[in-house]
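Hi everyone, thanks for coming.

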Amino acid sequence: MVETLARYAEFETLVVSMPSPRLLHVELAREGKRNAISPQMWTDIGGLFDQAALDDTVNCILLSARGPTFSAGIEIPEGGNPFAPPSTSTKDEQNQQQQQRPKLDAARVGVLSRAGAHRWAAAWSSLEKCGKVVIACIHGGCWGAAVELVAAADIRWCTADAYFVLKEIDFALVADLGGLQRIPKAVGSQSLVRE
């Protein structure tokens with residue numbers, strides 16, 4: 001088991017353990033930020049599940065989270081675009097760059113964000129494609145993209161205090177990480193999902 005865990009040590013936003021043979025426990029570990037999903041967490045989740053798909057020592061994966069909240073959803077960076085690569089410039093340099101850049105209309109921003117959205121959707125789909133039984137253990141709040149993440153699991157197990165929020169609806173956004181396809185199947189009723 002030790003050699004198996006050594007392969008999973010590279011992830012910054014996840015804590016991985018093996019509580020029993022063939023069972024991998026993956027915890028979202030950004031409790032200081034209520035496990036908000038950062039670009040690094042997207043990369044880590046996709047990488048971990050892609051790696052687990054090739055691991056013959058794992059049959060089942062438990063996905064849970066540290067802290068009082070399962071996940072607060074997508075972490076919106078200061079620039080407002082969660083798909084933008086992280087900036088290494090100082091605050092003053094960023095302000096200067098922003099003033100020099102031409103303003104983009106909403107449609108162009110949407111088109112430019114597509115590559116990031118596709119990359120993120122692929123990370124969530126890695127749960128379905130890994131070939132292992134994935135059990136999401138949800139407690140506290142599960143917001144936005146985290147709802148779509150747990151919808152990609154095979155089984156969802158919730159504590160009595162668990163609740164789910166899809167704020168995309170309030171902002172006229174499409175749940176574009178596979179949630180539109182997965183949530184009706186998870187809930188089991190098309191009419192209930194539409195309410």
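Okay, so how many helices and how many strands does the secondary structure of this protein come to? Count along with me: seven helices and seven strands. Keep in mind as we go that this is a predicted model. If you follow the chain along the sequence, the pattern reads α-β-β-α-β-α-α-β-β-α-β-β-α-α.

Now for the overall picture. The protein has 195 residues, and 41% of them count as buried. Its accessible surface comes to about 11400 Å², and carbon and sulfur atoms make up 57% of that. What about contacts? Take the ones in the protein with a separation of 6 or more: 65% of those are between residues 24 or more positions apart.

Let's zoom in on the backbone. Here's a bit of background: most residues other than glycine have a negative phi. With that in mind, look at R22, where phi is near 70°, a positive value in a residue that isn't glycine. Where is R22 found? It's in the loop between β1, residues 14–20, and β2, residues 23–28.

There's another one, N35. Phi of N35 is near 55°, again positive and again not a glycine. N35 is in the loop between β2 and α2, and α2 covers residues 39–53.

So, is N35 buried or exposed? N35 has a relative accessible area of 0%, so it's buried, since buried means under 20%. R22 has a relative accessible area of 41%, so that residue is partly exposed.

Note on methods
Residues are numbered from 1 along each chain as its sequence is written. This is a predicted model: local features need pLDDT of at least 70, side-chain atom pairs count only at pLDDT 80 or more; totals for chains, interfaces and linings use all residues. Side-chain values use heavy atoms; hydrogens and water are left out. Helices (H or I, at least four residues) and strands (E, at least two) are DSSP runs, numbered from the N terminus. Buried means under 20% relative accessible area, exposed over 50%, partly exposed in between (1.4 Å probe, protein chains only). Contact means heavy atoms within 4.5 Å. Accessible areas come from the Shrake-Rupley method with a 1.4 Å probe; for residues, only the protein chains shown count as cover.
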